Amino acid sequence: MQIQTPDWVKHAVFYQIFPDRFAKSKQPRKKLLQNARWEAWEAMPTLQGYKGGDLWGIVEQLDYIEKLGINAIYFTPIFQSASNHRYHTHDYYQVDPMLGGNPAFEELLNAAHQRNIKIVLDGVFNHSSRGFFFFHDVLENGPHSPWVDWFKINDWPLSAYNGDFPANYEGWAGNRALPAFNHDNPEVREYIMEIAEYWIKFGIDGWRLDVPFEVKAPGFWQEFRDRVKAINPEAYIVGEVWGDSRQWLDGTQFDGVMNYLFAGPTIAFAAGDRVVLEQVQSRDYQPYPPLFAADYAAKIQELLQLYPWEIQLTQLNLLASHDTARLMTIAGGDRASVELATLLLLTFPGAPSIYYGDEVGLPGAIDPDSRRSFPSESAWDREILNTHTQLIALRHAYPCLRTGDYQVLYAQASLYIFARILGTEELIIAVNVGTALAKADVDAASLRTQPTKFLYGTAEIAWNIEGETKQFTLNLPPRSGCILG
């Protein structure tokens, strides 16, 4: 079968926003909570506290987002919930009133679309919450509830809050706050499909699916894709799968996954032995042990061969997210590590995703610290912001960085050099992660052109073309990278 993925994603640069922590509206708004006891914006976040960020605040920051070069936003959940991260969904049809409700989301969606910025929402369809009305009915009425078969109930009575007793129902990862849906029930299946359809009709541009590997019902994600794509063939469906995702990336389910298989090796190469191991929790996300260039090249080639090219171009590539420590903290505060990893991210096939605040050097340890509030301008790292702005602009300016072939030219010791090629457009990207000047003689017989102009970074390059021989010598300063065009 011919695999089809949304064309716009191949040209997208995503920005991931955790809505409670990005921006508070500065305009007078009609809000339900005028004088809420929010946590101080600059204070370290807590597991249960709210900072009071809202969707109107994001509308007011669209100039900043657009200037950065972002043309797609992925939101962690925005639906009504009793948690600051909103993965405990109460009502799938209502945007949380703390964020401004459905009117604020409609205003944001329209304002983003006017700027050609796409909006992808987080769909938590494996489980709901204790406050989800249908589950609440079961808590109130026990086996008499008409919603009993919507959940995986093992025995009675249920204990939703008291850990001294067995929950007697399945929750995600054993968490009784997150009752798992029974996806084998056709009514549950239909309910979730209709939610997906509703918001696509509302105008969103795609779904990011939380823990979709937990949904075991045969054909579930195939039907999900068919029904979403029937409304908008260009809707993006991206799954949160951390490892090998071939079973979901066969063209009948997801267009891509959150590409932690790219993130791990890229950080291990760029940051090396600077990685702070206690800030790395997941066994699926491994930015260690340190990698030399040849090891990194091998992992990247393996990754590029794992999925069809059409899928590679719509992977959601990232270096950090709300589920990891922030890159700056993982790298022990080393700015060069952040900049080198960002260079590799923004020159890789697939859609790069920037976790809000990473572009200004925001630190953050593992959850909840990784979910800090977006800092005031006085706290921005301007050098890291400039790196992001430059590299995003180059990605938009050169189609080969988005859809061109990826060809490794050299990978030895600390020096990694590759080309992105699309027709006659060829760029050379080089990264030296070492602490000494790197020098290499590179065979460039596969290239048609001889790029000599530095679009990013600085180095020394000399071409040698004699008969059948075509090579260049590159001298690249320590802990730096460059793009030649």
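**Barrel, ring contacts and overall dimensions of the predicted model**

The charged end of Arg326 is placed over the ring of Tyr356, at 4.7 Å from the ring centre; this assignment requires NZ of Lys or CZ of Arg within 6 Å of the ring centre and within 35 degrees of the ring normal. The model is predicted, so that local features need pLDDT of at least 70 and side-chain atom pairs count only at pLDDT 80 or more, while totals for chains, interfaces and linings use all residues. Residues are numbered from 1 along each chain as its sequence is written, and side-chain values use heavy atoms, with hydrogens and water left out.

The secondary structure of the protein chain amounts to 13 helices and 18 strands, both taken as DSSP runs numbered from the N terminus (helices: H or I, at least four residues; strands: E, at least two). The radius of gyration, computed over C-alpha atoms, is 23 Å, close to the 23 Å given for 485 residues by the globule rule, so the chain is as compact as a globular protein of that length; the rule is 2.2 Å times the number of residues to the power 0.38. The C-alpha trace spans about 85 × 50 × 45 Å along its principal axes. Of the 485 residues, 60% are buried (under 20% relative accessible area; exposed is over 50% and partly exposed in between, with a 1.4 Å probe and protein chains only). Among contacts (heavy atoms within 4.5 Å) between residues at least 6 apart in sequence, 69% join residues at least 24 apart.

A barrel is closed by 8 strands in the order 1-2-5-6-7-8-9-10, with parallel pairing; two strands pair if DSSP finds at least two bridges between them. Neighbouring strands of this sheet are turned by 25 degrees against each other on average, direction ignored, with axes fitted as lines to C-alpha atoms and angles running from 0 to 180 degrees between N-to-C directions. Strand 6 (residues 206–209) and strand 7 (residues 236–239) pair in the parallel sense over 4 bridges, and Leu209 stands opposite Gly239 in strand 7.

The structure contains 52 aromatic pairs, defined by centres of Phe, Tyr or Trp rings (for Trp, the six-membered ring) within 6.5 Å, with planes under 30 degrees apart stacked, over 60 edge-to-face and the rest tilted. The rings of Phe79 and Trp199 have centres 5.2 Å apart and planes at 35 degrees, so this pair is tilted. Because Phe79 belongs to strand 3 (residues 79–81) and Trp199 to helix 5 (residues 186–202), the pair ties together parts 120 residues apart in sequence. Both Phe79 and Trp199 are buried.
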